[in-house]
Amino acid sequence: MVTSKETRTVIIALHKNGLTGKEIAARKIAPQSTIYRIIKNFKERGSIVAIKASGRPRKTSKRQDRLLKVFQLRDRATGSAELAQEWQQAGVSASARTVRRRLLEQGLVSRRAAKKPLLSRKNIRDRLIFCKRYREWTAEDWGKVIFSDESPFRLFGTSGKQLVQRRQGERYHQSCLMPTVKHPETIHVWGCFSAKGVGSLTVLPKNTAMNKEWYQNVLREQLLPTVQKQFGDEQWLFQHDGAPCHKAKVISNWLREQNIEILGPWPGNSPDLNPIENLWSIIKRRVDKRKPRNSDKMQALIVQEWTAISQDLVQKLIESMPGRIAEVLKKRGQHCKY
């Protein structure tokens with residue numbers, strides 16, 4: 001219990017007037033033990049200021065704390081229990097809870113690992129080549145590009161994680177469950193967009209392979225009408241990744257015959273450089289929230305959410321391209337935050 005400065009002042013004033021600790025305690029200003037402690041402190045130090053308690057001594061030194069940080073940075077996935085054992089081998093006996101506190105003091109917080117494609121040396125080299133080539137491009141330059149991609153949508157849990165608010169004992173309540181199936185039905189879609197808005201979106205028919213014949217039909221029936229609607233006679237470029245059906249000889253010949261200029265070559269394992277990936281993530285979250293129960297309903301929702309994408313959103317995605325390029329260059333080819 002901390003005694004206020006005013007109470008301590010009164011106690012010392014009464015003490016100076018000749019009252020004993022017992023007589024002061026009779027006035028019920030403070031417990032008798034507290035009064036004796038305050039008087040003793042005044043006699044020894046000549047001050048009424050309370051002595052700050054030292055608390056429990058710290059179990060580890062700064063040097064030992066730095067060693068723990070080295071252990072953690074050596075392998076970011078190591079848990080606190082394992083770190084405590086490793087620390088103990090270095091002569092420090094501490095619990096996993098202490099390990100977590102020490103790491104928190106040094107700015108190391110436990111978080112879910114971000115998922116990104118594994119980058120090979122070739123991937124990194126190709127990413128740097130691509131970004132150096134387009135490092136001077138402005139948002140206006142990127143506004144002349146049509147970005148495209150395919151994406152799978154899985155029934156029952158497209159985004160994979162769903163939070164619910166529940167009371168105690170409601171873990172398995174029907175309204176708090178996220179249904180799962182062993183082999184969820186998957187719908188594959190192809191879409192494209194530019195700074196002028198979203199373009200065509202098409203669904204791959206069931207039991208149809210994503211091959212060069214299907215892709216050529218998509219380019220002819222979906223891409224060309226989008227280009228005509230958005231750009232007319234203006235100059236534009238087409239972006240697609242290095243999927244096998246995209247790189248087929250028949251596709252390259254068709255693109256050349258149509259005088260379609262390709263952005264790139266596009267580096268492999270680089271979804272962070274393609275803003276259409278952000279559109280897919282947004283649409284998957286929105287579709288998940290509406291909880292479709294069959295593939296027909298999910299397909300209808302995908303189309304509905306695609307057409308609902310705002311012009312402001314696509315403009316922001318296009319304007320993010322210079323920042324993506326700059327960040328990849330800064331990180332020497334590694335993943336950027338997008």
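Asparagine 259 is placed in the loop that runs between H11 and H12. In this predicted model, asparagine 259 has a positive phi of about 55°, although it is not a glycine. Its relative accessibility is 72%, over the 50% cut-off, so asparagine 259 counts as exposed. With a relative accessible area of 37%, asparagine 269 is partly exposed.

The loop between H11 and helix H12 (276-289) holds proline 265 as well. The peptide bond that joins glycine 264 to proline 265 is cis, with an omega of about 15°. Most peptide bonds are trans, and most residues other than glycine have a negative phi.

Helix H11, which spans residues 249-257, packs with helix H9, which spans residues 212-230; the two axes come within 9 Å and cross at roughly 25°. The crossing angle is under 35°, and H9 and H11 are therefore roughly parallel to each other. The handedness of the crossing of H9 and H11 is right-handed. On the H9 side, the contact is made by Lys212, Tyr215, Gln216, Leu219, Arg220 and Leu224, which meet Val250, Ile251, Trp254 and Leu255 of H11. By class, the residues of the contact of H9 with H11 comprise seven nonpolar, one polar and two charged.

At the level of the whole protein chain, the secondary structure comprises 15 helices and four strands. The radius of gyration of the protein chain is 33 Å, whereas the globule rule gives 20 Å for 338 residues; the value is well over that of the rule, so the chain is more spread out than a compact globule. Taken along the principal axes, the box filled by the C-alpha atoms of the protein chain is roughly 110 × 50 × 40 Å. Of the 338 residues in the protein chain, 40% count as buried. Contacts in the protein chain were also examined by sequence separation: among those between residues at least 6 apart in sequence, 70% join residues at least 24 apart.

Note on methods: Residues numbered from 1 in each chain as written. Predicted model: local features only at pLDDT ≥ 70, side-chain atom pairs only at ≥ 80, totals over all residues. Heavy atoms only, no water. Axes fitted to C-alpha atoms, helices over the stretch in contact; angles between N-to-C directions. Helix = DSSP H or I, 4+ residues; strand = E, 2+ residues; numbered from the N terminus. Parallel < 35°, antiparallel > 145°, perpendicular 65-115°, else oblique. Left-handed = near helix turned anticlockwise from the far one by under 90°. Contact = heavy atoms within 4.5 Å. Nonpolar A, V, L, I, M, F, W, Y, C, P; charged D, E, K, R; others polar. Rg over C-alpha atoms; globule rule 2.2 N^0.38 Å. Buried < 20%, exposed > 50% of the residue type's maximum accessible area, 1.4 Å probe, protein only.
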